[in-house]
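Here are my notes on this one, as promised. Have a look at the model first, then read on.

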Amino acid sequence: MSSHDVVELILRDHRRMEDLFRTMRNVEADRATALAEFANLLIAHASAEEDKVYPALRRYKNVDGDDVDHSVHEHEEGNEALLALLEVEDTASQEWEDKLEELVTTVNHHADEEERTLLNDARENVADDRRAQLGTAFREARARYLETDCGSVENVRKLVAGQ
């Protein structure tokens with residue numbers, strides 16, 4: 001399995017998000033720093049999927065277009081949940097804990113569903129070399145988003161407003 005495989009790259013990001021959730025749940029951790037990394041990762045990851053991966057997967061007859069639409073909708077829900085957490089100022093507050101759990105639920109649900117539907121379908125129906133090409137395109141798009149501080153509260157507000 002090549003490390004350029006788009007499926008593997010997406011899974012690696014999902015696992016990193018789970019690690020960051022564990023850090024954010026830990027009252028003794030630097031929650032603000034973990035959230036900043038998470039916000040950048042989530043927005044860059046989802047945006048790169050929507051730019052480079054989803055349009056390509058739609059063209060395969062064995063990949064369900066409704067699953068792609070559903071994933072885009074779940075990205076929007078993730079953005080809303082992320083914004084709600086970013087807008088809580090006190091990382092030690094109960095409100096922060098509550099908004100974190102909403103974000104965890106939303107993102108984990110999406111990652112789980114995407115892994116069972118789109119990513120499994122991609123693994124079965126998309127040739128290795130094509131998955132590697134998509135992986136390169138995904139990685140480059142994701143890096144470009146990360147350079148723009150895409151997870152800042154200002155940017156996430158813009159994304160949610162434009163959904």
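1. A quick definition before the surface numbers: accessible areas come from the Shrake-Rupley method with a 1.4 Å probe, and for residues only the protein chains shown count as cover. On that basis the chain exposes about 8300 Å², with carbon and sulfur atoms supplying 45% of it.

2. Ground rules: this is a predicted model, where local features need pLDDT of at least 70, side-chain atom pairs count only at pLDDT 80 or more, and totals for chains, interfaces and linings use all residues. Residues are numbered from 1 along each chain as its sequence is written, and side-chain values use heavy atoms, with hydrogens and water left out.

3. The chain has 6 helices and 0 strands (DSSP runs numbered from the N terminus: H or I of at least four residues for helices, E of at least two for strands). Of its 163 residues, 43% count as buried (under 20% relative accessible area; exposed is over 50%, partly exposed in between; 1.4 Å probe, protein chains only).

4. Asp 13 sits in helix α1 (residues 6–25) and is buried, at a relative accessible area of 5%. Its side chain makes a polar contact with that of His 45 (2.8 Å); such a contact is a pair of N or O atoms within 3.5 Å, and within protein one must be able to donate a hydrogen and the other to accept it, while residues adjacent in sequence count only if both atoms are side-chain atoms.

5. Take a look at Asp 149, in the loop between α5 (128–147) and α6 (153–162). Phi there is near 55°, a positive value in a residue other than glycine. Asp 149 is partly exposed, with a relative accessible area of 43%.
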